[in-house]
Amino acid sequence: MKNRKSGDAGMKYDPAQVRIHEVYTVAIRDLGVHGEGIGSVDGFTVFVLGALPGETVTAEIILLKKSYALGKLLSIEQESPFRVVPECPVYENCGGCQLSHLTYEGQLDMKYRRVKDVIERIAGESGKLVRPVLPAVHPFAYRNKMAVPAGLVKGEAALGCYRQGSHDIIPVSSCAIQKEENNRLLQFARRFIEKYGISVYDEKTRKGSLRHVMGRVGDDGKVMVVLVTASETLPEEKRWIEGIQKELPEVISLWHNIQPKPGNTILGAKIRHLWGRETLTASLCGLQFEVSPYSFFQVHKEQAEILYEKALEYADLKGGETVIDAYCGTGTISLCLAKKAKRVIGIEIVKPAIEDAKKNAKKNHMENTEFYAADAGKLMPQLYRQGLVPDVIVMDPVRAGCSEEVLKAAAGMNPKRIVYVSCNPATFARDAKILKSEGYEIKEVQPVDMFPQTMHVETVVLMSRVEK
């Protein structure tokens, strides 16, 4: 095998000369969307998983495409001062986290640069609009929801995490970013499966029963457990109930969900309540929510509250405003807005989410809210024709961003401010260009670190109508 340095003076190579299974020295300049180091060999892009910006590494080419190669990290010749030893023993194999080998300071800097880059490159705006990332007080043990897959490892039943880029299970006994209550549930379930020889699901043969163990932790440390099976029955159902009651006193709600369909959707349509309460109580920004197995609820409460507080700051409500929450989900942002607005209208295309939103509004005595199960792009123009003129529109879409129809409908209602909450900076930057063409400009971009140890970064953006 040859060892060729990247960027040797006076040496230029055709990309075809980067060979599979050859070893190269690569200078890493950036991180990709999956946390992989980005470098090049004589101008040809090479991704190296586990490498950090500023490092010089030795890597073996294990995948070669026309425009890029994937390298396996063999050694680090020049190490980044921000490199740390991950706390998680299965970090290198697990696909859940991508940045635990980077100091938290380094993670925040990387996320800031990522947001700044897309604002400049895609939105065509100044990077000076981007504020420093708001950090998490607890960068570990923050997730209040866990869904651990079950499966076979070398013919034996196991619970764990998926290997990066696959559905191969890596057995684990705890997760560094999960709350301790969920880790205790995971450890109990592992012992239970082994003790009673519980049948687990095999994705290849589609045989076996247990598919996932799901845990949700409420404010008071109380836990809801959902056991997901491919079978109509739960093996050793009585023993599950007795064992959980005996060993996990924090569990107050137990469900059995049936998911016979292949694929990545964890919960199926059929569900049975086995024991305890039917819902879990959680709070956010002083509001109370009843969380069911199907409910969406923020998995990092502390950072969600920081995110919502920033959204409220940008909305700048004085008490007399009408606000539209265009992707309201179960109504969490809507209810936060309702505390300071005259009227809030939540729109969400998912009907069960709207039912939850109505329940949450009733629980919190928010009588100035209305919720509609509809396509925001179609309903907003109708409301406008009926005489509704919102002062502020809030949008919190999924990773794919907003449809052009929704963006133009929002701008067409001529609100003073648009507050855009995004979990994908690139799709926001794309949407910002459309909103700019419709008469709105970015005033400030605030990244929030909702998911430490991962590549994900949330942003809250204030856009204002350009006065002519």
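Author: Let us start with helix 8, whose buried residues are covered by parts that include helix 7 (376–385), strand 19 (392–395), strand 20 (417–422), helix 9 (425–437) and strand 21 (440–448). Helices (H or I, at least four residues) and strands (E, at least two) are DSSP runs, numbered from the N terminus, and a contact means heavy atoms within 4.5 Å. Please keep in mind that this is a predicted model, in which local features need pLDDT of at least 70 and side-chain atom pairs count only at pLDDT 80 or more, while totals for chains, interfaces and linings use all residues. Residues are numbered from 1 along each chain as its sequence is written, and side-chain values use heavy atoms, with hydrogens and water left out.

Helix 8 itself spans residues 404–412, and within it Val406, Leu407, Ala409, Ala410 and Ala411 are buried, where buried means under 20% relative accessible area, exposed over 50%, and partly exposed in between (1.4 Å probe, protein chains only). An α-helix has 3.6 residues a turn, so residues three or four places apart point the same way. After helix 8 comes Asn414, which has a positive phi near 60°.

Tyr327 sits in the loop between strand 16 (322–325) and helix 5 (332–338), and because its relative accessibility is 22%, Tyr327 counts as partly exposed. UniProt, in an unreviewed entry, gives the annotation "binding site" to Gln298, Tyr327, Glu348 and Asp396; positions from UniProt are given in the numbering used here, feature names are shortened, and annotations may be inferred rather than shown by experiment.

Glu348, which belongs to strand 17 (residues 343–348), counts as buried because its relative accessibility is 13%. Apart from neighbours within four places in sequence, Glu348 touches Tyr327, Cys328, Gly329, Ala353, Ile354, Tyr372, Ala373 and Ala374.

Aromatic rings give another way of seeing how parts connect. A search of the whole structure finds seven aromatic pairs, and rings of Phe, Tyr and Trp (its six-membered ring) pair if their centres lie within 6.5 Å, with planes under 30 degrees apart counted as stacked, over 60 as edge-to-face and the rest as tilted. Phe188 and Trp240 form an edge-to-face pair, 6.2 Å centre to centre with 65° between the planes. Because Phe188 lies in helix 2 (residues 180–196) and Trp240 in helix 3 (residues 237–247), this pair ties together parts that are 52 residues apart in sequence. Tyr420 and Phe428 have ring centres 4.9 Å apart and planes at 70°, so this pair is edge-to-face. Tyr420 is buried, with a relative accessible area of 0%, and Phe428 is buried at 1% relative accessibility.
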